[in-house]
Structure formats: C-alpha cells, structure tokens
Amino acid sequence: MTSVSSAYDRSALKDPLLLARDLIRCASVTPEDAGALDVLERALTALGFACHRLRFEDAGTAPIENLYARLGTDGPNFCYAGHTDVVPVGQGWTKDPFAAEVSDDYLFGRGASDMKGAIACFVAATAQYLENDEPPPAGSISLLITGDEEGPAINGTRKVLDWLNERGETLDVCVVGEPTNPMRLGEMIKIGRRGSLNAKITVLGTQGHAAYPRLADNPIPHMIRILNALTAEPLDNGSDTFQPSTLTLTSVDVGNDATNVIPAEARAAFNIRFNDLHSGESLSEWIRKTVDDAAAGAAVELDIHISGESFVTPPGPLSDIVSDAVQEVTGLTPELSTSGGTSDARFIQAVCPVCEFGMVGETMHKADERAAVSDLTALTDIYRKILERYFAG
C-alpha cells in the first residue's frame with residue numbers, strides 16, 4: 001500500500017481505494033488540511049494536471065487551503081468540485097476514524113462517504129479515461145477542491161471562483177461529488193438545493209431573585225413568546241420544484257445553574273432551509289417583524305446570517321449525461337431532487353450548470369462512517385462514463 005508520503009504511479013491511480021485510504025488518513029477536520037491536499041496534488045500531478053494551491057483568509061476566520069487543478073487549456077472545461085475537509089469525529093466509533101480500515105468489504109473512516117471517497121473515484125475515473133482516450137480530449141478536465149465546505153464556507157469555493165474569474169478562466173459544467181444517494185448508489189442526483197439562513201436571538205432582561213419576580217425582568221417568558229410566534233405556522237407547503245421550507249430550533253439557553261436566580265438574558269438559535277418561494281432577504285424581514293411584534297417592547301438583539309439562496313438547474317444536457325451514466329452502471333433511474341441540506345453547488349450555480357452525484361450518504365457525519373468498496377468501483381465507472389459522454393459531444 002502506497003503511503004501518503006510516496007509518489008503515485010499513474011496506473012495505480014485507476015483503483016480509487018488507494019487514494020481514498022490515503023486521503024482518509026489525513027485528519028482534515030475543518031479548518032485543518034492535515035496534508036490532504038498534498039496527497040491529492042501528488043495524485044493529480046502524476047496524471048499531468050497543472051495544480052494551483054490557493055490559501056485564503058478573512059478577518060475573524062481561519063486560513064483555508066484550496067486546490068484548483070486543470071488538465072488542458074482549451075474549452076470546454078468540465079469541472080469536478082468537492083471538499084477534503086471533514087466534520088469532527090464525535091463519539092461511538094468502533095474503528096479508528098483516520099486509519100482507513102477495510103472490513104467486510106467496507107472502507108471505514110471520516111470522509112469515506114462525505115466526500116473523500118468520491119474525490120478518489122473521480123481521480124480514478126480520470127486515470128482510466130486518459131488511458132483509454134490518449135491523447136486527452138479537445139477541452140479540459142478540472143478539479144475545484146476546498147477545505148472549507150464543512151465550515152463557514154467563506155475562504156473556500158467562493159474565493160476560488162473569484163480567483164478563476166480574475167484569471168479569465170471559465171467553467172462550462174460542474175459535477176459536485178457530494179453524497180447524494182440516501183441508501184443505494186444510483187438513487188438520486190441533486191439538481192438544486194434549498195437556501196439556508198441562521199439566526200440568533202438574545203433577549204435582555206434584568207437579573208433578580210426568584211422570590212421577587214416583580215423586581216426583575218425575566219427574559220424567558222419573552223423568549224417563549226417570540227419562539228412561539230416564529231414556529232406557529234408552517235413557512236409554506238412546498239413549491240413545484242422544492243419540498244416545504246423548514247424552521248428548526250437548534251438552541252435555547254439561559255446559562256443558569258441557580259434555582260433561585262432569574263437570569264439576565266436568554267438566547268436561542270434557529271436554522272431555516274427555504275425554497276424558491278422565499279429569498280434570504282424576505283425571510284430576514286419576516287423574522288425581524290415577527291420578533292419585534294412578539295417581543296412587545298422587550299429588549300432583543302437579533303443576528304441573521306444568510307449562507308445561501310435556493311437554486312435549481314433545470315433538467316437538461318448535464319443531468320441527462322449523469323443520469324444515463326448512472327443507469328448504465330447501476331440499472332437505476334435516479335431521481336432528480338432538490339432535497340436535503342446545502343452544498344458548495346450554491347456558489348457554482350452562478351457560473352455554470354451544476355449537478356451533484358456521489359456516494360451513499362447513510363453514514364455521513366456519523367460514527368463508523370463508511371463506503372462500500374463495490375460502490376467506490378461503481379462510482380468510478382459512472383464518473384468515467386460521464387467524462388466519455390461529455391467529451392463525445
């Protein structure tokens with residue numbers, strides 16, 4: 001087994017398991033890279049890609065390593081996008097999360113599903129495609145890989161796209177390798193995503209003795225009233241292309257361990273995943289008005305952050321190519337869906353048609369995250385057929 005410190009052989013890269021294991025062995029929990037992009041860069045360099053390491057940072061955020069690699073200089077430019085950063089390990093693992101152990105025909109490790117396994121599959125697919133189609137096709141193959149997808153997403157894909165724009169470099173289509181399949185490879189392609197908004201509410205009261213409530217201003221009843229107003233009715237019943245929007249409370253806290261003290265403040269947080277019946281701004285206006293009306297004069301601080309708007313890439317040539325490749329390999333007709341959370345496709349959709357297809361997501365972000373070795377092989381076949389169909393015109 002080649003170690004992460006070794007050079008790669010072009011022929012060996014046709015097997016996705018090798019690179020997937022090397023990537024998983026890098027403990028690249030956001031914002032740490034832990035050598036993951038070094039591993040990927042070595043593999044792509046062995047295939048002839050020109051690699052650009054891009055480090056971005058912003059005030060109050062951690063610096064992030066990104067990679068843009070391109071094979072060829074002509075158009076069209078087929079881009080594969082993804083991320084090497086992973087979420088924290090958490091509790092309950094029965095395997096070492098960064099050992100990349102293969103057991104019972106599954107590859108275990110943080111990132112196996114989301115989404116180091118898929119990155120390895122695309123590299124393997126490219127290696128196979130180049131071997132079968134020398135010289136490379138008229139056009140280019142590129143990878144846009146960030147280390148900031150699981151984090152704030154400030155110093156990652158958005159800034160790489162800005163960098164490409166400044167260079168006058170364009171992407172013609174993009175496939176994002178997120179784990180789109182709920183339970184079985186081939187079930188689902190994502191052609192859009194709901195938007196995401198996060199809000200924090202702080203109600204400011206006056207601390208006091210629990211036996212003398214009239215001498216204090218308890219923020220808890222004010223907070224209860226506000227949260228009831230926000231959650232009283234559904235935001236909508238869904239649209240033609242999206243499931244219903246949701247408002248999910250994620251935290252309610254007063255930080256008070258004493259039983260005889262009225263706290264000075266109460267805090268709450270919530271997330272809204274919204275469809276195309278709303279925009280981030282329209283929801284922000286609704287939140288502000290609803291909170292203000294329910295507060296009834298109580299002192300309230302409100303912080304709203306919009307991390308992405310809803311979008312959809314209508315079914316067309318790209319989704320047809322991906323669907324045909326999935327059907328040929330798996331025998332399944334994938335659903336074209338806009339369900340689930342969000343991804344960096346929300347940034348890419350502004351510059352080119354984009355869809356998402358990757359591993360099975362059943363164990364993503366969980367303990368004992370894993371990917372079937374047979375799925376790694378099948379996904380590699382799918383990605384190779386996507387390249388064949390795209391460059392065949």
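Helices α3 and α9 are oblique to each other, the term for angles that are not under 35 degrees (roughly parallel), over 145 (roughly antiparallel) or 65 to 115 (roughly perpendicular). The model is predicted, and local features need pLDDT of at least 70, side-chain atom pairs count only at pLDDT 80 or more, and totals for chains, interfaces and linings use all residues. Residues are numbered from 1 along each chain as its sequence is written, and side-chain values use heavy atoms, with hydrogens and water left out.

Helix α3 spans residues 116-132 and helix α9 residues 373-392; they pack at an angle of about 50 degrees, with axes 8 Å apart. Helices here are DSSP runs (H or I, at least four residues), as are strands (E, at least two), numbered from the N terminus. Axes are lines fitted to C-alpha atoms, for helices over the stretch in contact, and angles run from 0 to 180 degrees between N-to-C directions. Residues making the contact (heavy atoms within 4.5 Å) include Phe122 and Tyr129 of α3 and Leu379 and Tyr383 of α9.

The largest nonpolar core has 64 residues, of which Leu19, Leu40, Phe78, Val322 and Tyr383 touch the most other members. Such a core is a set of buried Ala, Val, Leu, Ile, Met, Phe, Trp, Tyr and Cys residues joined through side-chain atoms within 4.5 Å. Its largest share, ten residues, comes from α3.

Asn66 lies in strand β2 (residues 64-71). Asn66 is buried, with a relative accessible area of 0%; buried means under 20%, exposed over 50% and partly exposed in between (1.4 Å probe, protein chains only).
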